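This report describes the architecture of one protein chain.

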Amino acid sequence: MIRAIAQALRQYATFQGRTARREAWLFLGFFIVGNYLLVNATKLALVMENYAVAKPISFLSWLFFWSLILPMSALTARRLQDTGRSGVLTVLPTAAVLLVSVNERRLITQGYEALVPIFIVTAPIFLWFFYWLSRPGEPGTNAYGPPPGA
């Protein structure tokens, strides 16, 4: 897992080429779980009215999110290209992640009920892309380059 995260960070803003399924899922899992844990740690500290703890956790949560959104987008583009799809399509899930994450932090004290309309809009996008990202890569060289690891 650490190797997959390190590889994604080494290709921080590389949108060309292809990425293997395993590497993509490990990094996306790290991004999703890390984001979830930090947002909910902030929420817990706010519920407990421990603002001295909530403030640095909130800062760390924003730092984590904004520092990893670009490599997450680049990795998603490379993964789509491995399946023969255009990396430009990454704009859709990246916009959905931004919409959910920014509003999740903005509405942190109101609970997840306030996010239901946002989840209704973004869920089909996430499901569609999770399906595409789960597909096997094209064997051999495609329009986006040689297969990962070649």
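At a relative accessibility of 2%, Ser 61 counts as buried, because the cut-off for burial is under 20%. The model is a predicted one. Ser 61 is found in helix H3. Leaving aside neighbours within four places in sequence, Ser 61 is in contact with Leu 38, Val 39, Thr 42 and Arg 105.

Ser 61 and Glu 138 are 77 residues apart along the chain, and their C-alpha atoms are separated by 36 Å.

## Overall architecture

The secondary structure of the protein chain consists of five helices and zero strands. Read along the sequence, the pattern is α-α-α-α-α. The C-alpha trace spans about 55 × 30 × 20 Å along its principal axes. Of the contacts with a separation of 6 or more, 77% are accounted for by residues 24 or more positions apart.

The protein chain has 150 residues, and buried residues make up 39% of them. The chain exposes about 8300 Å², of which carbon and sulfur atoms supply 70%. There are 13 positive and 6 negative side chains, and the centres of the two sets lie 7 Å apart.

## The largest nonpolar core

The largest nonpolar core has 18 residues, and the members that touch the most others are Phe 27, Phe 31, Ile 69, Met 72, Leu 75 and Val 97. Helix H1 (2-10), helix H2 (21-47), helix H3 (51-82) and helix H5 (116-134) each supply at least two residues of this core. The largest share, seven residues, comes from H3.

Met 72 illustrates how these members meet. Neighbours within four places in sequence aside, Met 72 is in contact with Phe 27, Leu 28, Phe 31 and Val 97.

## Helix H4 and its cover

Helix H4 comprises 16 residues (residues 91-106), which should span 22 Å at 1.5 Å a residue; the end C-alpha atoms are 22 Å apart, in agreement with that expectation.

## Two buried threonines

Thr 76 is found in helix H3, while Thr 90 lies in the loop between H3 and H4. Thr 76 counts as buried at 3% relative accessibility. Thr 90 is likewise buried, with a relative accessible area of 4%.

Not counting residues up to four places away in sequence, Thr 76 touches Leu 28, Thr 90, Pro 93 and Leu 133. With the same exclusion, Thr 90 touches Ser 73, Thr 76, Ala 77 and Leu 80. Thr 90 and Ala 74 are 16 residues apart in sequence, and their C-alpha atoms are 8.0 Å apart in space.

## The end of helix H5

Ser 134 lies in helix H5.

Leaving aside neighbours within four places in sequence, Ser 134 is in contact with Arg 21 and Trp 25. Ser 134 and Arg 79 are 55 residues apart along the chain, with their C-alpha atoms separated by 9.3 Å.

Which backbone angle of Glu 49 has a positive value? The angle is phi, which is near 55° in this residue other than glycine. Most residues other than glycine have a negative phi.

Glu 49 lies in the loop between H2 and H3. Because exposed means over 50% relative accessible area, Glu 49 counts as exposed at 58%.

Methods
Residues are numbered from 1 along each chain as its sequence is written. This is a predicted model: local features need pLDDT of at least 70, side-chain atom pairs count only at pLDDT 80 or more; totals for chains, interfaces and linings use all residues. Side-chain values use heavy atoms; hydrogens and water are left out. Helices (H or I, at least four residues) and strands (E, at least two) are DSSP runs, numbered from the N terminus. Buried means under 20% relative accessible area, exposed over 50%, partly exposed in between (1.4 Å probe, protein chains only). Contact means heavy atoms within 4.5 Å. Accessible areas come from the Shrake-Rupley method with a 1.4 Å probe; for residues, only the protein chains shown count as cover. Lys and Arg count as positive and Asp and Glu as negative; His and the chain ends are not counted. The place of a charge is taken as NZ of Lys, CZ of Arg, CG of Asp or CD of Glu. A nonpolar core is a set of buried Ala, Val, Leu, Ile, Met, Phe, Trp, Tyr and Cys residues joined through side-chain atoms within 4.5 Å. The expected span of a helix is 1.5 Å times one less than its number of residues.
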